[in-house]
Amino acid sequence: MAESTPDLRDLPKDRAYDELDRTLEAVLAGLEDPIAVMATMSALLHHGFGHLWTGFYRVVGPDLLRVGPYQGTLGCLEIPFGKGVCGAAARERLSVVVPDVHAFPGHITCDGRSRSEIVVPVFDASGALLAVLDIDSDRPAAFDDEDRRRLEAIVGWFARTR
């Protein structure tokens, strides 16, 4: 069965995330492959909201992230923990909302059009850090606490016991 990507851009944020949740639940039903889930989440978030860059950086070694499934222009291939917004979120194990990337010390510019960013850590059922979800926007202050809460809930998929 072919799935479609809902256009969420013109909906109020709470309704947009509710629609995204319903779509993810239907599309991911029975799926257990974390890479396929990352790819699907990236596509739905990216195209649904019209973000500039949407994807995952996976933990591949001690204190090292490597680009995983994503949508958008080329991303950084590797990011050490503590470097840039993704590295800060990985090191601190906390979501980071950046209204103005140019004001974030050590921001890594992968796409010069990026104006704001949100990065959400992704944990497995044991609490180990698997990845971070990174979303960039070409609009300043595009993300807020509601985005943080809803995205944390979405990536909670990876922590559920399979």
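Tutor: Let's start with a word we'll need: a residue is buried when its relative accessible area is under 20%, exposed when over 50%, and partly exposed in between, with a 1.4 Å probe and protein chains only. This is a predicted model, where local features need pLDDT of at least 70 and side-chain atom pairs count only at pLDDT 80 or more, while totals for chains, interfaces and linings use all residues. Residues are numbered from 1 along each chain as its sequence is written, and side-chain values use heavy atoms, with hydrogens and water left out.

Student: Okay, why is Leu 151 called buried?

Tutor: Its relative accessibility is 1%, and the cut-off is under 20%, so Leu 151 counts as buried. Leu 151 belongs to helix α4, residues 145–155. Helices here are DSSP runs of H or I with at least four residues, strands are E runs of at least two, and both are numbered from the N terminus.

Student: Which residues does Leu 151 touch?

Tutor: Contact means heavy atoms within 4.5 Å. Leaving out residues up to four places away in sequence, Leu 151 touches Tyr 17, Leu 45, Ile 118, Val 120, Leu 133 and Ile 135.

Student: What makes helix α3 largely enclosed?

Tutor: Seven of the nine residues of α3 (residues 84–92) are buried, so the rest of the structure largely encloses this helix. The buried ones are Gly 84, Val 85, Cys 86, Gly 87, Ala 88, Ala 89 and Ala 90. Their cover includes β1, β2 (64–71), β3 (78–80), β4 (96–98), β5 and β6.

Student: What is the order of the strands in the open sheet?

Tutor: The six strands go β3-β2-β1-β6-β5-β4, with antiparallel pairing.

Student: Which strands are the edge strands, and what makes them so?

Tutor: They're β3 and β4, since each pairs on one side only.

Notes: Pairing = 2+ DSSP bridges.
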